[in-house]
Amino acid sequence: MYKKILIAFDGSKPSVSALKHGARLAKTMGSERITVVHINQELPLQEPVLNIDLDKLIDDEDQQLLSSVVQFLSESNVEYDVHAFHGDPSTIITSYAEKEGYDVIIVGNKGKGMIKEALLGSVSHKVAHSADCPVIIVK
């Protein structure tokens, strides 16, 4: 039923729960592959900040965050791949799932951007309403 599972991961507690749920589901369903996506939203900065290389800082943070994902999935004995993107999370998640033919998307119910979510709506809400495949929202 769920041969290809897409999991959105941002390091928040709900996304960790989504990752664990996705791994259990993959084992139970005999899934071919889990794909974890991590999306950094573009920062609308007008000028450089104190000569700091923000791209490098973000890339370093991504590597650290995703290394825990790789370790967990390696220990879970499921086939997986991990990708990092930049842009609007809900748009990237839904378009990637559609383009690559995923059977289900798993997301946490809240991400790290609580204030932004309160003002603009949550990523999980947007994904649930715009995805072409089933969406599982995990607490």
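Asn-77 counts as exposed because its relative accessibility is 67%, where exposed means over 50% relative accessible area, buried under 20% and partly exposed in between, with a 1.4 Å probe and protein chains only. This is a predicted model, in which local features need pLDDT of at least 70 and side-chain atom pairs count only at pLDDT 80 or more, while totals for chains, interfaces and linings use all residues. Residues are numbered from 1 along each chain as its sequence is written, and side-chain values use heavy atoms, with hydrogens and water left out. The secondary structure of the chain comes to 5 helices and 5 strands, taken as DSSP runs numbered from the N terminus, with helices being H or I of at least four residues and strands being E of at least two.

**Chain overview**

- Read from the N terminus, the elements follow the order β-α-β-α-β-α-β-α-α-β.
- Of the 139 residues in the chain, 38% are buried.

- The 5 strands form an open sheet in the order β3-β2-β1-β4-β5, with parallel pairing; two strands are taken to pair if DSSP finds at least two bridges between them.
- β3 (80–86) and β5 (135–138) stand at the edges with a single partner strand each, so one side of each has no neighbour in the sheet.
- Neighbouring strands are turned against each other by 20 degrees on average, direction ignored, with axes fitted as lines to C-alpha atoms, for helices over the stretch in contact, and angles running from 0 to 180 degrees between N-to-C directions.
- The parallel strands β1 and β2 are joined by 5 bridges; Ile-7 has Val-36 of β2 as its bridge partner, and Ala-8 stands opposite Val-37 in β2.
- β2 is mostly covered, as 7 of its 8 residues are buried.

**Helices on the sheet and against each other**

- Helix α1 packs on the sheet and touches β1, β2, β4 and β5, and its direction makes about 150 degrees with that of β4.
- Helix α5 (residues 123–130) lies across β4 and β5 and runs at about 160 degrees to β5.
- Helix α3 (residues 89–100) packs with α5 at an angle of about 35 degrees, and their axes are 9 Å apart.

**Nonpolar cores**

- The largest nonpolar core has 19 residues, of which Ile-5, Ile-7, Ile-34, Val-36 and Leu-73 touch the most other members; such a core is a set of buried Ala, Val, Leu, Ile, Met, Phe, Trp, Tyr and Cys residues joined through side-chain atoms within 4.5 Å.
- Two or more residues of this core come from each of β1 (4–8), α1 (13–29), β2 (33–40), α2 (54–76) and β4 (104–108), and α1 gives the largest share, 5 residues.
- Apart from neighbours within four places in sequence, Ile-34 is in contact with residues including Ile-5, Ile-7, Ala-26, Leu-73 and Val-78.
- A second, separate core of 14 residues includes Ile-39, Ile-92, Tyr-102 and Val-107.

**Individual residues**

- Thr-94, in helix α3, counts as buried because its relative accessibility is 13%; leaving out residues up to four places away in sequence, Thr-94 touches Val-127, Ser-130 and Ala-131.
- Ala-97 also lies in helix α3 and is buried, with a relative accessible area of 3%.
- Ala-97 is in contact with Leu-6, Tyr-102 and Ile-105 when its neighbours within four places in sequence are left aside, and its C-alpha atom is separated by 9.8 Å from that of Thr-35, 62 residues apart along the chain.
- Asn-77 is placed in the loop between α2 and β3 and has a positive phi of about 60 degrees although it is not a glycine.
- Most residues other than glycine have a negative phi.

Conventions. Contact means heavy atoms within 4.5 Å.
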